[in-house]
Amino acid sequence: MKQFPVLIVLLPLFSALIIPLLPKKKRFLFGFVSVMFGLLFILSILSYLNVINDGSFRYVFGNYLAMVGIEFLIDPLIALLVLFVSGLSFLIIIYSFSDIQHELKEHQYAYYYCLIMLLMFSMLGMLYTNDIFNTYVFMEILSIVSTAIISIKHKRSNFLASFRYLMLSSIGSLTILMGLAFLYMVTGQLNMDSMSLVISNVWTLYPTNLVLAIGFILIGLAIKSAMFPLHIWLPDAHSSAPSPSSAFLSSLVVKIYIVVLIKVIYRIFGIEIIASLRIDDFILIMASLGMIFGSIFAIGQKDIKRLLAYSSVAQIGYIFLGIGLLTPLGLAAGLFHIFSHALMKSALFLSAGSIIFSTNKRKLIDLDGIGFKMPITMITFSIAALGMIGIPGISGFMSKIYLGLALIADKHPIFLSLILLSSFLNAIYYMPILISSFLKEDVLVKNTLQKDPLPLTMIIPMVIITLSVLLIGLYPQIIMDVIELALPYYF
Amino acid sequence: MVTSFFNEFKVWGRYRRFSIFSAIIFSLAFIALGVFALYLSQPPSLRCLLLGLQSSLLGQLLTHLSQNTLLKLIIIFIPVVGSFIQMIIGRFSDQRRDISIVLWTFISFILGLFLYPQAVSQTTLNFKDILFLGLSFRVDLLSYIMVIITTLIWLFVMMYSHHYMLHEIHRNRFYFFLSLTLSSILGTLLAGDLLTMFLFFEIMTLSSFMLVTHGESAESLFAGYQYLFIGVFGGIMILLAIILQIITVGTLSFEPMAIRFEQIGLIRYFIIGLLFVGFGIKAGMAPVHVWLPRAHPVAPTPASALLSGILIKIGAYGILRVMITYTFPEDPFLDLYSAWNFGEIIGYIMIWIGIITMLIGVFLALQQSNAKKMLAYHSISQMGYILLGIGIMAYLGKNGSIGFAGALYHIVNHALFKSLLFMVIGIIYLSIHEYDMYKMGGLYKRFPITAIIAFIACLGIAGIPLFNGFVSKSLIHHALEKAITYGHPSLLLVEWLFILISAGTVTSFIKFFSFIFLGKLKKEHMTCSQSIRIMELAMAGIALVIVLIGLNPHFVLDYLIVPALSQSAFDVHFIEKYILTMNFFAVKDLILMGQIVILGFVIFKLGVKYHLFHLHFSSSFTIERILMYPINKALQIYIQLRGKRLVDYWNAYNPYTDDKSMSALKSQGFIGRVFTLSNLITRLHENNLIRNDAFIYVVLLTAIVSFLLLLI
């Protein structure tokens, strides 16, 4: 049972090695990928159950000392995140089987799934590892793989976006590396737990080093997780990638970096140091700027996927707002929003992808009457969009309640009013889409209710994601209980 | 003779089966109402019979049904289930779908009646796990009365709407969202705490939005946008209040909590203000009523009848519920008058809000030529009466029962006559395709039955004795007199305004009736098609209820409203002294009413003579414009600082209109302005930000590192 995390991390890596060797037939490739993802999902369920029943545990590679070797720390939150990542990516992968046939050429399929497997490998590794340098290695893999995934469509806009992403994330990685170097100078450790022990002892001796380290790491991770003024790579990258990859990047990849940031803030430095340096104010201000400006930029967009990308910028602001409070309530709210936003945003990207798949329309003005042609797609879109606005019964509403409670309990009413303003702005850009799709007549044909012109492999993942959005919206305890179980590991 | 009989048969409607079916349901509904009235009054001669029925097998079954707490949930979900069934049926046949709709609405009406025993014992149904805080459903006599009046009017409007909607497109979508609206309204009424209420309230906003924009014209889309965004804004206000209340009070349930609420300090004014704005937006309260006169006229007539008749009452119900919850002390036998202090302040504010709402509504209604718009403005003014009643209730505290009774009675009455008036306009519109009152006249000859029904409704809303409006208006007036006796003398001004506004209402409906039905029949209307009998039957049902209430005002008061009063903490002696023994046809009231009618006639004559009904303020003086002035100004300054002209940015994506002129820009309202501003910011800064990536990174990194280094 204790070996499951290693299996979970290595399974995608080996599949990535095997995929290029498979016979060049679609059936083999799709079959192999779905079996691997299914296996991954089952393993992560088992590992999750194991952690919930027996409590968290550490896994040390090769029985080296934790100081020298690499250590995995599996607490309930990480186990849940791994389960969530593998489950959601399983659904997105099933969706992608049909969608990439529209977006990619046939000889690229193997590349694409090879890259997706590497993406899974680095994401899962980054979640599990308890070693800061190991995190950095996974981070580099992840950013290079993401660049490759963005540029896989051979188009000018993709190359431009992926080049910008590559440059910025390299700058980010270098910044993080610089920060890690400063940290290592002081602590001489790379294991997170030993690091935090040393830091709490030597904090008064070497404040300059530690302060530089935290500044560099924060900015580097802010680039990677698209905190507001450093979000610049995100809209281009997420809107030009193939739709399943947009869903991957927007709902999972960015969140992994946020989890790393949580580890750095709460586990390595500890909230006392962070609070005394007033880093939390910085995060809160950036988060609220992101919430407002992300929404404002989203209102100004004409392309549906770009709009969703900017909406992600705003929603990442919500998550940072929760994290920046440095209270258990705030962290729980931020973590809950990681889950709820991942679900809602993947539903939105997948339904937008379905629209592009079947009608080739991306412009918002062209969407008139689309709700009659693709009812299931647009109902998915509507439920997720209403969740973003904060209609009760959908998971976005619970995020808002949790965040609001955390903010009021920590006496930050101004940020609460900013959240509410941002949800009003969300209504302003999501509602016109719903209205034009359900209430405006198509220019060419009369609106009559039809069946979605989509294969079942695209409809079923969307429906499952929508149902889970509603399930979490009605029973937030499913996730909240686990988060509460995991909170002691972070304080 | 034979031909006339044949003609008679034809006007029963295109679909005969629907007509026969709904006529049966119609009579069944009245039989049910009659049985219910007998059950309530329990005349001694029938008591044995009732007891016998109860012990029979059927009686036992029904007793079990009515005492099952899940019944509340069943009532809420019946329209939802129905809506999906109708969606499927509607793909094949309009007639079968409409029969099914009438049937399902009838079932909810009957099941609603069966809630009575639970309403008396105030049962609660809890779902602890849902939505983290748990949902709860509760029924008391207040919500029971609302449920009954909602489903009853819904039933009649559904009978009416069948033939009306045949002229509209996308009927399936319309009926789907109509059923969803019904279910969310029932959910709002049967909610046991603020969160549950909010849940259904938001669903109601969204589903009723689909009814407003059903026409898909530019006008209805514009009205719909306004309705939707103001509704979402109200929802956000309620959400904020919910979050604050969880933190401060700790519970969201609708139990009286005045003393606990008083302990949380000044934030209580903020919470209650947020809730008033949130619910007041739906109710059409004075400064936030701007969406109502736009949204109600553009909806298809059955929808406007329900929007004006039922939906805005949900806002009033919300305010009433909030008032009862926050201004009533926990212990009903508490004789501590200080516990009612909070209500006194809130009530005084509410009284003035109510009277201003009435004044604005009536004044603007008198200026309208579009009949539907006029009715919409009257909805605002009549909501003012209800808010006034609620305000007096809170102001008088322990003795506020009379204000409560007036407000609740007026909710019922207004629902009846306002939906009826909208249905009348709908029938006329169906034949002559005209809403402008000045272009009609003499239609009495073409629509005799409709004219009689319209006359009844007009008498009802104008508050003429023997019709229902009189009853509730005189109750509210009595309450106002009590408030003047016990309270601040400034309320005398309120009473004068009250009389003036009532006269204005009379004037307005003299105008309405005489311009539409009296006078000379226009040439082009000589040959217009006649009304459909089944629609008139539906209208006659509501008219009958209006007359019945008007003739015997004490029945509803004694058997439904007074028990509802005694479920709250009101003074029992006061109720016995002033409400139970109240004589509605006292000479004093009748004389006052006579004076009001004469004043109304005088205003009407003066208005016609001096063309007072065509006063129009310049468009720069609307409430909307005043509220938006700061935003407007900020936008202009921002653009001037950039050295650009606003119109240059106007060709950006805007959902309202393709008109890119300056005048279109000026008339776009708040949301349009946010759109323009965001487009502007996006165009100016989006690419700049993206191009300056390295610069932003360097600045940010330097800033944070130097800030941190300075700090240590």
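**View 1. Strand β2 of chain A, with buried side chains on both faces.** In strand β2 (residues 71-74) of chain A, A:Glu71 and A:Leu73 point one way while A:Phe72 and A:Ile74 point the other way, and all are buried. Here a residue is buried if 20 or more other C-beta atoms lie within 10 Å of its own, exposed if 12 or fewer, and partly exposed in between, with C-beta atoms placed from the backbone. In a regular strand, side chains alternate between the two faces of the sheet. Strand β1 (residues 57-60) of chain A runs antiparallel to β2(A), and 4 bridges join the two; strands pair if DSSP finds at least two bridges between them. A:Val60 has A:Glu71 of β2(A) as its bridge partner.

A word on what you are looking at: this is a predicted model, in which local features need pLDDT of at least 70 and side-chain atom pairs count only at pLDDT 80 or more, whereas totals for chains, interfaces and linings use all residues. Residues are numbered from 1 along each chain as its sequence is written, and chains are lettered from A and ligands numbered from 1 in the order in which they are written.

**View 2. Chain A as a whole.** Chain A holds 20 helices and 2 strands; helices (H or I, at least four residues) and strands (E, at least two) are DSSP runs, numbered from the N terminus. Its C-alpha trace spans about 75 × 55 × 45 Å along the principal axes. For 491 residues a compact globule would have a radius of gyration near 23 Å, and the 22 Å of chain A agrees with that. The radius is taken over C-alpha atoms, and the globule rule is 2.2 Å times the number of residues to the power 0.38. Buried residues make up 63% of chain A.

**View 3. A:Ile465 and its neighbours.** Look for A:Ile465 in helix α19 (residues 456-474) of chain A. A:Ile465 counts as buried because 28 other C-beta atoms lie within 10 Å. Leaving aside neighbours within four places in sequence, A:Ile465 is in contact with A:Leu91, A:Leu343, A:Ser346, A:Ala347 and A:Leu350; contact means that the C-beta atoms, placed from the backbone, lie within 7 Å.

**View 4. B:Gly284 in a loop of chain B.** B:Gly284 lies in the loop between α13 (267-283) and α14 (292-298) of chain B, and is buried, with 31 other C-beta atoms within 10 Å. Not counting residues up to four places away in sequence, B:Gly284 touches B:His289, B:Leu292, B:Ile312, B:Ser379, B:Ile380 and B:Met383. B:Ser379 is 95 residues away along the chain, yet its C-alpha atom is separated from that of B:Gly284 by 8.0 Å.

**View 5. The largest nonpolar core.** This core has 438 residues, and those with the most contacts inside it are A:Met123, B:Ile145, B:Leu408, B:Leu420, B:Val424 and B:Ala457. A nonpolar core is a set of buried Ala, Val, Leu, Ile, Met, Phe, Trp, Tyr and Cys residues joined through C-beta atoms within 7 Å. Domain 1 (2-610) and domain 2 (622-711) of chain B each give at least three residues to this core; domain bounds come from an automatic or database domain assignment. Not counting residues up to four places away in sequence, B:Ile145 touches B:Leu408, B:Val412, B:Leu560 and B:Ala564.

**View 6. Where chain B meets chain A.** The contact takes 45 residues from chain B and 51 residues from chain A. On the chain B side, α10 (194-212), α11 (218-248), α28 (669-691) and α29 (693-711) each supply at least two residues.

Key
Two residues are in contact if their C-beta atoms, placed from the backbone, lie within 7 Å.
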